[in-house]
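Student: Please take one part of this model and go through it closely, residue by residue. I would like the surroundings described along with the position in the fold.

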Amino acid sequence: MAVLEKGNITIHTENIFPIIKKSLYTDHEIFLRELISNSVDAISKLKMASLAGEVQGEIEEPEITIRLDQSKRTLSVSDNGIGMTADEVKKYINQVAFSSAEDFITKYEKSANDLIGHFGLGFYSSFMVAQKVEIDTLSYKEGAEAVHWSCDGSPEFELSQGERTTVGTTITLTLQEEEKEYAEPARVRQLIKTYCDFIPVKIKLDGEQINKQQALWKESPQNLSKEDYLEFYRYLYPFQEDPLLWVHLNTDYPFLLNGILYFPKLKPDVDFSKGQIKLFCNQVFVSDHCEEIIPEFLMPLRGVIDSPDIPLNVSRSALTNDRTVRRIADFIAKKIGDRLKSLYNENRDEYIRCWEDVGTFVKYGSLKNEKFKQQVEDLIIYRTTYQPTPATADTPQVEVQKESGDAWEEVSTEESKTTSTQPYTTLKEYLDRNQAKQEKRVFYCSDPSTQGTYVELYKKQGLEVLFLDSFIDTNYFIPFLEREYSDVQFSRVDSELDQTLVEDDKAQEIVDPKTNKTRNEVIKEIFEKALNKPRVNIKTQAIKSDDPQGTPPAMVLLPEAMRRLQEMTALMQDRSMGFPEDHVLLINTSHPLIQNILELNQGAIIQGSGESPTAEMVNLMCQHVYDLALMAQKAFDAEGMKAFVERSNQVLTKLTQK
Ligand SMILES: Nc1ncnc2c1ncn2[C@@H]1O[C@H](COP(=O)(O)OP(=O)(O)OP(=O)(O)O)[C@@H](O)[C@H]1O
């Protein structure tokens, strides 16, 4: 075999190999992905040359073959791509690759950990696992001669005449002893499945094709069915619930990007910081972590993004600041917003069905990203007590933007086809509808289980209440809404009773001629005396109702400003907020029970003794009324519960005494 050239690789490669081997790549296995990517490139280059009429005759069906020999510890990757001439080997392997490797090393020597850890050295990453690398190649060019190149990891290479007879390239690695696993068929199959499953060229091992998947994101959405998208999701995320909806991304300007992003059903402990989107580059798997590419608020999404325009051989911090990456992030966010808009506008029932999960995501996105907020602010809906009748139900008009090449699909179930029973509204609709009655006030409920009584009361009086009862609502979204709608007052249903709920007809009626005290004053005094709790602010109001028996005799209120101060203090001290001792006890003077207590108390006064059985009964009743009101707020501790049970028994005994 004639040696064409023997020489030293000119750059300071003594420094390169130890670094390649040790510090740059934590995952040695990626060498195989690099070799296969090069083969795919070579195959597509040959195809292009053929289309340009540069290749004589038909080209073979593209194919990559992997051969393993465990006894010789070799692995080879063969392709029937474009091949290389001796000059090209000199240019692309000896010079270009080494010089780019040197640039690379110079740049990252000091901060090897700052590397994205993928791509960059391409072909030379083979030296992470090989003690010797050989290239056998024959160019497609007319008259080209086969070339053999070999390098044992030292700065010396050898270029000689080769024996290859078919166009293409074979790279053969003689593996280092500690890397011999890469000659095992099972290990190689697993690597191909991870990195190269979606590659559009057949990869064969032992005569069998080992990459099988169709890269669905590269297909035209028009040719895909709902089942195709679901199947693909199930393949990517096995044993997970089906996604709620998805968006197929397709653009080639100003950057090339394809992908399919799915909205999964959110788990309550969703961690917004960890992404599960898979990043591909030309159908080769790159990473499960695209935190630098995807805006944080899109992290709950799943699926695939494939873009050769995402720079992969730069540091993570450089990636975050990269202009194209920022544009890609904006593009994705916009597409997600468009997707939600179209669903909102075209299938509101379906939108509502997904809202519980999608809503958290949309609200979080609005908090995090101003542009996204502007896009979705009219799409944020709230569960409401309002019951629209078909005649008055107004469907808000939302402009829909559509671009060709995008396809929207969603999972529709049988139940979603029936009209939703839970009414939802936007804030704008709420404000418009209630302008006359409530002006610019929004009543909301943050916990239906403890504020149910209050919600009922508002509802009966025709006041509309919104439910802002998710974790994100109470902790972040309500303050956000208050900032956004600074002219609107948001009050929780248990913060105070709206004036429309009370009547003051009887309030000023004098009931004690001796002292000239009004009915309300007397009731207040009775409770103050019976409860003896200076931190509880007792108020008296008559709740308006056609059926006073149906209203609560008393309610515990937590005025908005006071409650927030307490919440904030608790948050700052990093403790959960117990039920505040300072609160308002509102006595509903129109309730028959309060009326009875008043009359009972008057009887006790006539007897002239505070210690009389009647007076004692009044005390017990007042405490009981207070406890029942607390109970509606779930504000009982163990002590309180014990006292309540004991007193209940006492009251029942007294009532049943002959
Ligand atoms: N199987 C192959 N067939 C033909 N040419 C090849 C093959 N493998 C490598 N080459 C040539 O060698 C060059 C250097 O390859 P290398 O993998 O180092 O870098 P790259 O592919 O250009 O970039 P990347 O860093 O993205 O891998 C390629 O650009 C190509 O011209």
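**Two annotated positions**

Tutor: Aspartate 79 lies in strand S3, which covers residues 74-79. Helices (H or I, at least four residues) and strands (E, at least two) are DSSP runs, numbered from the N terminus. The model is predicted, so local features need pLDDT of at least 70 and side-chain atom pairs count only at pLDDT 80 or more, while totals for chains, interfaces and linings use all residues. Residue numbers start from 1 along each chain as its sequence is written.

Aspartate 79 is buried because 27 other C-beta atoms lie within 10 Å (buried: 20 or more; exposed: 12 or fewer; partly exposed: in between; C-beta atoms placed from the backbone). Leaving out residues up to four places away in sequence, aspartate 79 touches Ser39, Ala42, Ile43, Ile64, Gly168 and Thr169; contact here means C-beta atoms, placed from the backbone, within 7 Å.

Methionine 84 sits in the loop between S3 and helix H3 (86-108).

An unreviewed UniProt entry lists the feature "binding site" at Glu34, Asn38, Asp79, Met84, Thr169 and Arg316. Positions follow the numbering used here, feature names are shortened, and such annotations may be inferred rather than shown by experiment.

Note on methods. Contact = placed C-beta atoms within 7 Å.
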